[in-house]
Amino acid sequence: MRKHGIDLAQALRTCASDYHSFNDFFTRKLRPDARPLAHADWLSPADGVVSQIGVIQATHMMQAKQQQYSASQLLADAALAHYFEGGRFTTVYLSPRDYHRVHMPCEGRLLGMCYVPGKLFSVRPDIVAAIDGLLARNERLICWFQHPQYGIFVMVLVGAAIVGSIHTVWHGAINPTAEKRIKRWRYSDDNPELCFAQGDEIGHFQLGSTVIVLMPQNDVRWHTAWQVDRTVLQGQAMSTR
């Protein structure tokens, strides 16, 4: 807490002694009123810093310092990547001091999930800028959803140093496998537990990591406060409406 300037005033448990382990501390929940939702179609999925925003062109996205990486490689699915041609994307970096739970940027029904094994490089912005294609090389969990108006959108939860597993509310912990292979899950249309409202929690990291949101081609316009290197809070407006 001293090293990273962590304030527990908004947490459900406000004393450090109330936490039983580092993981328990880093995955702490906040008070229900700590993150009010803005009135916008797209909201920030997490607390952190906006490390990139942009347009997906020729299925490529910008990582940092003008380095490009492939959406096909990131998603481990060329067809899904092609669907987002001309769409928008944004990347939010969660530091060790941040609230580590990830929430829905808009409403949606879970269609599928893909675990991709990979490296566990630190995702600190200076390291991301130094390693070509880092975000598409790290271990990651890709979740795609159906929005009733916009169509399919994707949230990519990127693993990092010390983050050896990622948790979702529908599956629990998704741990690295010894065989280091891609795993995929498809979900039926008739499961009401996989329909999420805007702002619902979908999972959490341990310590810190990165969330990438891919939005289909539409008229999304970034909110004036949604800018690279800007600190943001979960539930903050990402779009102008």
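This is a predicted model: local features need pLDDT of at least 70, side-chain atom pairs count only at pLDDT 80 or more; totals for chains, interfaces and linings use all residues.
Local features need pLDDT of at least 70, side-chain atom pairs count only at pLDDT 80 or more, and totals for chains, interfaces and linings use all residues. Residues are numbered from 1 along each chain as its sequence is written, and side-chain values use heavy atoms, with hydrogens and water left out.

**View 1. His103 in strand S5.** His103 sits in strand S5, residues 101–103 (strands are DSSP E runs of at least two residues, helices H or I runs of at least four, numbered from the N terminus). His103 is buried because its relative accessibility is 8% (buried is under 20% relative accessible area, exposed over 50%, partly exposed in between; 1.4 Å probe, protein chains only). A polar side-chain atom of His103 lies 2.8 Å from the backbone oxygen of Gly199. The His103 side chain also reaches the backbone nitrogen of Glu201, at 3.4 Å.

**View 2. Thr168 in strand S9.** Thr168 belongs to strand S9, residues 166–168. With a relative accessible area of 6%, Thr168 is buried. A polar atom of its side chain lies 3.0 Å from the backbone nitrogen of His171. Beyond four places in sequence, Thr168 is in contact (heavy atoms within 4.5 Å) with Met113, Leu141, Ile174, Ile202 and Gly203.

**View 3. Arg13 before helix H1.** Arg13 lies in the segment before helix H1 (22–26). Arg13 is partly exposed, at 30% relative accessibility. A polar atom of the Arg13 side chain lies 3.2 Å from the backbone oxygen of Asp18. Contacts of Arg13 beyond four places in sequence include Leu8, Tyr19 and His20. The C-alpha atoms of Arg13 and Ala197 are 25 Å apart.

Notes. A polar contact is a pair of N or O atoms within 3.5 Å; within protein, one must be able to donate a hydrogen and the other to accept it, and residues adjacent in sequence count only if both atoms are side-chain atoms.
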